[in-house]
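This briefing goes through a structure by topic. Please have the sequence and the coordinates open while reading.

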Amino acid sequence: MSNTSGNKGEWSEIYTFLKLLNDGKIYAANENLQRMDETMYFPIIKIRREETKGDILDYVTGEKIKIFYNDDLIREIELSDLSEQSDYLFTEIFSREKGNLKLEEMEDFNKFLKELLVTKIKAGSGQKADIIMQIMDITTGFSPFAGFSIKSQIGAPSTLMNASGATNLVFKITGINDYLMEEINSIDTKEKIIDRFKKLYSVAESVEFYDVKNTMFRDNLEMIDSKMPEILAHAMAYRYRDNIKQYRDIVDLLCKDNPMEYNNNDIYRYKFKKLLCASALGMLPATRWNGIDEANGGYIIVKANGEILAYYINNRNAFEDYLLNSTYLESGSTSKHGFATIYKNEDEYFINMNVQIRFKA
């Protein structure tokens with residue numbers, strides 16, 4: 001295997017692969033991450049993996065798992081073996097308090113993965129689809145191949161949008177001087193980010209949105225809505241000025257305050273659902289996005305008890321409600337991502353606010 005060590009979230013991808021192969025179906029989730037109905041599930045016809053570029057493996061479900069390499073049947077696996085190994089891996093993931101789980105520590109499981117011809121733990125970091133499945137849409141009878149993103153509740157909560165230098169929003173400051181800039185930048189308390197912004201808003205005449213630092217991220221936001229950068233900036237002000245973290249609370253305040261003066265205040269809720277959904281299914285901040293969902297099947301959640309549920313893209317409303325209710329704005333590293341420090345550019349003062357979205361525990 002090319003990568004033999006991974007954290008709980010990464011190993012959850014292999015767990016998902018094994019369990020879904022064994023179950024042969026996946027249940028649909030409602031907005032509260034519960035089974036929508038015992039009859040609402042998607043039969044899985046096959047799961048496709050590309051272990052090395054150009055080498056396609058199809059794992060066909062049934063009484064035995066049949067493995068096809070570039071359409072040629074090469075191996076069969078007993079369901080009892082799948083069930084045993086998926087249960088074993090879940091136990092190993094769940095019992096480990098912290099640190100990476102190494103394949104070398106699981107000799108029998110290592111042998112089993114080799115029998116399955118699995119050579120890597122997780123999908124590449126530059127793609128949203130973690131697993132490709134051919135599923136049966138029981139409503140239409142259509143059997144498409146669809147990509148799903150996998151998020152695990154085993155271990156630390158997952159991120160929906162990772163912090164980086166690309167996710168900085170630039171704000172222009174008026175009414176301060178070099179002395180105040182140095183005073184604010186020198187704040188190094190335990191809550192230094194919030195304390196710096198609290199001090200800034202108390203002494204500055206204005207702190208106004210100026211631009212998105214990364215042009216690619218700006219373009220991607222504008223793909224969702226031409227005013228999305230400005231709307232997101234208002235949300236970030238609630239996060240750093242008022243220390244409000246939960247996405248739902250921030251959106252409720254936007255609907256109440258209506259800073260964009262829309263005739264329909266509920267526009268904010270609609271647009272932020274679209275931003276969260278785009279981040280979940282296809283949009284990466286620093287990569288040009290064409291508006292197409294890479295995870296075109298939807299989202300798979302591995303719950304802490306090992307249950308696996310899916311938000312199929314046809315049930316987008318429930319998925320968007322789940323995202324809005326389950327995420328918050330987290331502060332990333334100031335040193336890594338270059339924010340929360342005032343800087344000057346041609347005698348004008350600026351500060352960056354950084355966007356990172358994480359699922360709640």
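In which order do the three strands of the open sheet lie, and is the pairing parallel or antiparallel? The order is β10-β18-β15, with antiparallel pairing. The model is a predicted one.

**The three-stranded sheet**
- β10 (159-161) and β15 (327-329) are the edge strands, each of them pairing on one side only.
- Direction ignored, neighbouring strands in this sheet are turned against each other by 30 degrees on average.
- β15 and β18 (residues 357-359) run antiparallel and are joined by three bridges.
- Opposite Tyr328 stands Arg358 of β18.
- As a general point, the strands of a sheet pair through backbone hydrogen bonds, in either a parallel or an antiparallel way.

**Strand β8 and its partners**
- Strand β8 (residues 131-135) has four of its five residues buried, so the rest of the structure largely encloses it.
- β8 pairs with β3 (residues 41-52) in the antiparallel sense over four bridges, and Ile135 in β8 is the bridge partner of Ile44.
- β8 is also joined to β9 (residues 145-152) by four bridges, and these two strands run antiparallel.
- Here the bridge partner of Ile131 is Phe148 in β9.

**Nonpolar cores**
- The largest nonpolar core holds 67 residues, and the members that touch the most others are Leu232 and Phe272.
- Not counting residues up to four places away in sequence, Leu232 touches Leu169, Phe217, Leu221, Tyr247, Phe272, Leu275 and Val355.
- A second core of 42 residues is separate, and Leu57, Met106, Phe112 and Ile300 are among its members.

**Helix α4**
- Which residues of helix α4 (residues 178-185) are buried? They are Leu180, Met181, Ile184 and Asn185.
- The packing partners of the buried residues of α4 are α5 (192-203), β16 (343-345) and β17 (348-354).
- At the start of α4, the backbone nitrogen of Tyr179 has a side-chain oxygen of Asn177 within 3.1 Å.

**Asp293 and its contacts**
- Asp293 is placed in the loop between α9 (267-281) and β13 (298-302).
- Between the side chains of Asp293 and Arg316 there is a polar contact of 2.9 Å.
- Leaving out residues up to four places away in sequence, Asp293 touches Leu281, Ile313 and Arg316.

**Aspartates with positive phi**
- Asp71 is not a glycine, yet its phi is positive, at about 80 degrees.
- The loop between β5 (64-69) and β6 (72-78) contains Asp71.
- Is Asp71 buried or exposed? With a relative accessible area of 64%, Asp71 is exposed, as the cut-off for exposed is over 50%.
- Asp347 is also a residue other than glycine with a positive phi, here near 70 degrees.
- Asp347 sits in the loop between β16 and β17, and these two strands are among the elements that the buried residues of α4 pack against.
- Asp347 has 63% relative accessibility and therefore counts as exposed.

Terms used
Residues are numbered from 1 along each chain as its sequence is written. Side-chain values use heavy atoms; hydrogens and water are left out. A nonpolar core is a set of buried Ala, Val, Leu, Ile, Met, Phe, Trp, Tyr and Cys residues joined through side-chain atoms within 4.5 Å. Buried means under 20% relative accessible area, exposed over 50%, partly exposed in between (1.4 Å probe, protein chains only). Contact means heavy atoms within 4.5 Å. A polar contact is a pair of N or O atoms within 3.5 Å; within protein, one must be able to donate a hydrogen and the other to accept it, and residues adjacent in sequence count only if both atoms are side-chain atoms. Two strands pair if DSSP finds at least two bridges between them. Axes are lines fitted to C-alpha atoms, for helices over the stretch in contact, and angles run from 0 to 180 degrees between N-to-C directions.
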